[in-house]
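Please look through the following structure with care, keeping the sequence beside it as you read.

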Amino acid sequence: MRLRPDTWLRGWDTVRDPAFGHRLVVWLLRPASGPWRAVALAVVLGIAVSTSLRENWGSDNAFVVKAARTLLDGGSPYEDKRFLYLPSAVLMAVPEALLPQPVLRWVLPVGMSGLLGVGWLASLRLFSVPLLSRLAVGGFAVLALAYKPYVNLVLIGNWTAISAAALPVALLLAHRRAWVAAGLVVGLAIACKPMLVPIGLLFLLARQWRGLAAAVLVPLGVSLAGALLMPSPSLFFTKTLPFLFQGQDAYALPWDASPIAVLPRLGVPQPVAVAVAFAGAGAGLWGAWRRWRRPDPAEGAGGDQGQLRLVETACMVMLAAFLVSRPSFDHYLLVVLPLLLASAVRPGSMPRSPWFWLALTPQVALIPWPSELAHKRRAFKDCATLCGLAILLARRALLSARVTLGPVTTAGSPPRTEPECAATPAESASRTAF
């Protein structure tokens, strides 16, 4: 039985102007009309088609396909220093390597868009948002049209899109207590690209050892199989890993949004930049631990059922990793952004703060920026967004729960209020954009 939005939202409240916030969320949760769906589909397909017609499409994906073709020809994929994935990724890329180039030109952008769409829909289902609502249909179209890293990811065909689909699906399964299945999804994503390795911390916090084992054993097993099929697999340890630990080279530096790469370009000494980045990552991990240990006030009381805690903990872990990752590109944020945007239907969530939207402003495609921030200096804007989201989420996680006093009645005494026996959690009074 499908619930009406006003019934589904009963009992919700917003910190500022509850009536307006309620009406806006109810409006977003209503079914999207035919024109809405047509426009959204046209936007997504238009981006995919225009990408297929560009000469520089699939530039990142080309390294993976080249590695698979090298394996099929009997060579070692790690002879190419720009192939930076696990041996398992070579096996995963074999189907792409078998496709003719003209077919791949049209299939790859659609596949990238489809993976991002899967991540968006799984994020919505995690928060019980109807998949044909205005938020679901219009939100994805706005994300594709206005958020510049979306177009960039579809253009270059980076396998970050797999992680962007896998993380929301894994969190949805984890929320439904299917932690082993969530581990399998994370493991398959790591086998393609080791971006979701930090999510293992979430399994540790939840003490889901079987799920963690699945997330570890799947990429390990596929990587061993890939290593057995290729010559000189030891090059991964002697050539690829040292190249990664050095932050690659000047080729990736102009687009590297990690504070370790950006701060030295602003005149900060390299040791200081490294210390700042690792301090921020440490604070983020501490915030993730604190957030996991602090259930939401409405959790288990007919409102939020732990989705917000699950999402914010996972996103905090990923953002902490991005702060010290070398390199860290703009499209990495697409792994966490759909989850954070979908959480807007929950009162007190991060998207209900104007600071969240201010942090995303550097990535809005329609805003003109001075020429010195364009092209090869785009990393400055990307770093600002990454650090802004990490700071906002860490601040939310590290804020101690506020308490309010309620009346307590004891036998033979009048009603009274005492902190030691009447303190109850109260919803944070943060500013809201709704």
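The expected span of a helix is 1.5 Å times one less than its number of residues, and helices here are DSSP runs (H or I, at least four residues) numbered from the N terminus. This is a predicted model, in which local features need pLDDT of at least 70 and side-chain atom pairs count only at pLDDT 80 or more, while totals for chains, interfaces and linings use all residues. Residues are numbered from 1 along each chain as its sequence is written, and side-chain values use heavy atoms, with hydrogens and water left out.

**Helix α16**
- With 18 residues, α16 reaches 27 Å from its first C-alpha to its last, which is close to the 26 Å expected at 1.5 Å a residue.
- Of the 18 residues in α16, 17 are buried, a term for under 20% relative accessible area with a 1.4 Å probe and protein chains only.

**α16 and α19**
- The axes of α16 (residues 307–324) and α19 (residues 378–398) come within 10 Å and cross at roughly 135°, where axes are lines fitted to C-alpha atoms over the stretch in contact, and angles run from 0 to 180 degrees between N-to-C directions.
- The contact (heavy atoms within 4.5 Å) is made by residues including L308, C315 and L319 of α16 and L386, L389 and L393 of α19.

**Residue S343**
- S343 lies in the loop between α17 (337–342) and α18 (354–360), and it counts as buried because its relative accessibility is 1%.
- Apart from neighbours within four places in sequence, S343 is in contact with F127, L308, S349 and P351.

How values were computed: Helix = DSSP H or I, 4+ residues; strand = E, 2+ residues; numbered from the N terminus. Buried < 20%, exposed > 50% of the residue type's maximum accessible area, 1.4 Å probe, protein only.
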